[in-house]
Amino acid sequence: MILMRVFTICALLILSLAGLSQAKATTPATLTNDSNSVYLQHQLKLKIDLASHHLSVIDQLRFSSTAAETWQFSLSDRFNLEPNSALELLSHTQGLKHYRAKQAELTLRYSGQFQSTPDCAWLTQVCVQFDAKGVYLDAHSQWYPDTAKALHRFTLSAELPKDWVSLSQGEQIQTTWQETQPQAAIYFLAGPFKVYTEVGQYATAQVYLQTADDSLAKQYLAATHQYLAGYSKQLGAYPYRKFVTVESFWETGWGLPSFTLLGSKVMRLPFILSSSFPHEILHNWWGNSVYVDSTHGNWSEGLTAYLADYQFSAGQGEVMNYRRDTVQKYANFTHHAQDFPLNTFKTRHDHTTQAIGYGKALMLFHMLRQQVGAQAFEQGLQLFYKDYAFKYASFAELQSAFEQVSGQNLQSFFAQWLDRTGAPQLALGEYQLTENQGKAQLSLTIKQTQTGEPYQLKLPVVAAFKEGHTETHWLDFNTAEQNFKLDYSQPPLAVALDPEFELLRLPDGAELPAALNVLYNAQPKTFVLARQVPAGMELAWEEAITALSRDTNPKQQYDDAPLPATEVVVLLGGDNQGLTGLLERAQQPFKLSETAYILNSVNYTCGLHSLALTLRAGQQQIVLLDASTPEALQQLLNKLPHYGKYSYLLFNSATGENVAKGQWQVKDSPLTVPFKP
């Protein structure tokens, strides 16, 4: 089974667009590919009793498999299964009862109680809705017979309360849902929704709302048609007959086969239609029709993010920043033995798994596009989808598709990005620019300085000229140290290695703007408290240290003690004496007066605003947090994780509204060679 889980509401309400699109997590099944899959045909009949929270099920099952496997299945132990001579109970463990069936076809009758999950913390619990507001059941509830390596076809009908409608995969014929394509899981949803429907060229668009909102429904119907058309043309025909946007029971969004669940507040955010919504639609190609064989890593999240979130950033002119932020997150959150190979990623559950499973995978696909070319990349995606729709596929099948269309052997390319931890590090060696008869030749030594074997890279070297144009050489760079001779028609003003972060690599800190996500990685941090703390803030700052530290005994000191020379230093409070001299050394457009923060020549009154800001001062990275009340500080701490890529943030202390955010400009990259004009 595969379940695409999306962004919590706290993230959505305050997250930047790029952050939103990075907030998915997947729980793919650990299955081998389709040739060994087991097929289950269900005829499900459901009866819902809301008064007793009771679900009764009749399932006429038929089992088939191309493999010689014993016919076994599991079912939640919340159900009482009527006696059946064709069944043998094998075990009862971890909330499941495991059965052996003595025949390929049988009818099961069972019933059990469900209680709604009040607040769906999907990373740590199974989420269920079963009350007067509605019903939601997915594979995690184990409400239907399932088995290892299973793909399901089904019909499903339900006795519903008056004025309720239902939803599942497939097509609804009168009151019965019918899905003829093999599914990794079965979903069921019902409730008193207001339904909007609009037939389109590629599929029927629908919106299920808890209360009527014609304007909102119209927006989602139009956006559905737009994205279905775009992705169908790019990848191949949309795999379902419908796509439904459902106003969810929780303030969480989930992308499911042929529908998405968006919370009431989530779906009304102005940027969702152009950011996370296309991501959810695209998952119907990747993850919800081509299923993830996660025994060799989850490819779906990185590919979906690349074709949806990254593609959106291209339309906004932000692709370089997107790649840079992705590389920076990977570097920040894979320190201190936290890294692991991409081929072991299954689902996101923290910053590190997101940086690898989403970020590293996204960059893999970007580098693959550079490797095979844009046309072959599109053809490879189309072939992969054509061959594996409604089947399980791994990175190996992806590799095979791209090898077929490009004619290239991509074994070493995939191996180095999937099997290894870490990433390459680049450094400039000796260089010399010479002129001959009006031409210029650059002799340039480039190094890979990471531990371990050199990577095989297609490295862009970009030269800038006085007329403002640039020229890029793509170099095959495969050794620890290599010399190249580059010819130009005129002397360049500067030459830079990968200035737009086309490669996944571990960048030098001086290439990147200081970012607040340093607060959440595992680097040693020293927290610096002011001796003179405003009344009422002492406990609040102590609690902030506990919240921000991963250590049971965080390092902390007062502002009259010498600061560490190299560690991340977190200054708590704008009246912190540790700021002395740091602002001048950092050379950024920020100043602090007695009454205001002065940022980019704009004054923001202290007390009315809370601040989070990070700077580099020599070898130190400094973070400054300031808030005037415990409430404003707590509000700031709640929001910070979702703004990690930024160098500075200012919020309205009363409303929590973000009033300023940005990244410092990087001026002197160690991978850039300047030349005198």
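Q: Which residues in α13 are buried, and what makes them so?
A: Ala632, Leu633, Leu636, Leu637 and Lys639 of α13 are buried, which means under 20% relative accessible area, with exposed being over 50% and partly exposed in between (1.4 Å probe, protein chains only). This is a predicted model, where local features need pLDDT of at least 70, side-chain atom pairs count only at pLDDT 80 or more, and totals for chains, interfaces and linings use all residues. Residues are numbered from 1 along each chain as its sequence is written, and side-chain values use heavy atoms, leaving out hydrogens and water.

Q: Why are α11 and α13 called roughly parallel?
A: The axes of α11 (residues 538-548) and α13 (residues 630-639) cross at roughly 15° and come within 10 Å. Angles under 35 degrees count as roughly parallel, over 145 as roughly antiparallel, 65 to 115 as roughly perpendicular and the rest as oblique, so α11 and α13 are roughly parallel to each other.

Q: What makes the contact of α11 with α13, by class?
A: Ala540, Trp541, Ala544 and Leu548 of α11 make the contact with Pro630, Leu633 and Leu637 of α13, where contact means heavy atoms within 4.5 Å. By class, there are seven nonpolar, no polar and no charged residues; Ala, Val, Leu, Ile, Met, Phe, Trp, Tyr, Cys and Pro count as nonpolar, Asp, Glu, Lys and Arg as charged, and the others, Gly among them, as polar.

Q: Why are α5 and α6 called oblique?
A: The axes of α5 (residues 300-315) and α6 (residues 319-333) cross at roughly 130°, so α5 and α6 are oblique to each other.

Terms used. Axes are lines fitted to C-alpha atoms, for helices over the stretch in contact, and angles run from 0 to 180 degrees between N-to-C directions. Helices (H or I, at least four residues) and strands (E, at least two) are DSSP runs, numbered from the N terminus.
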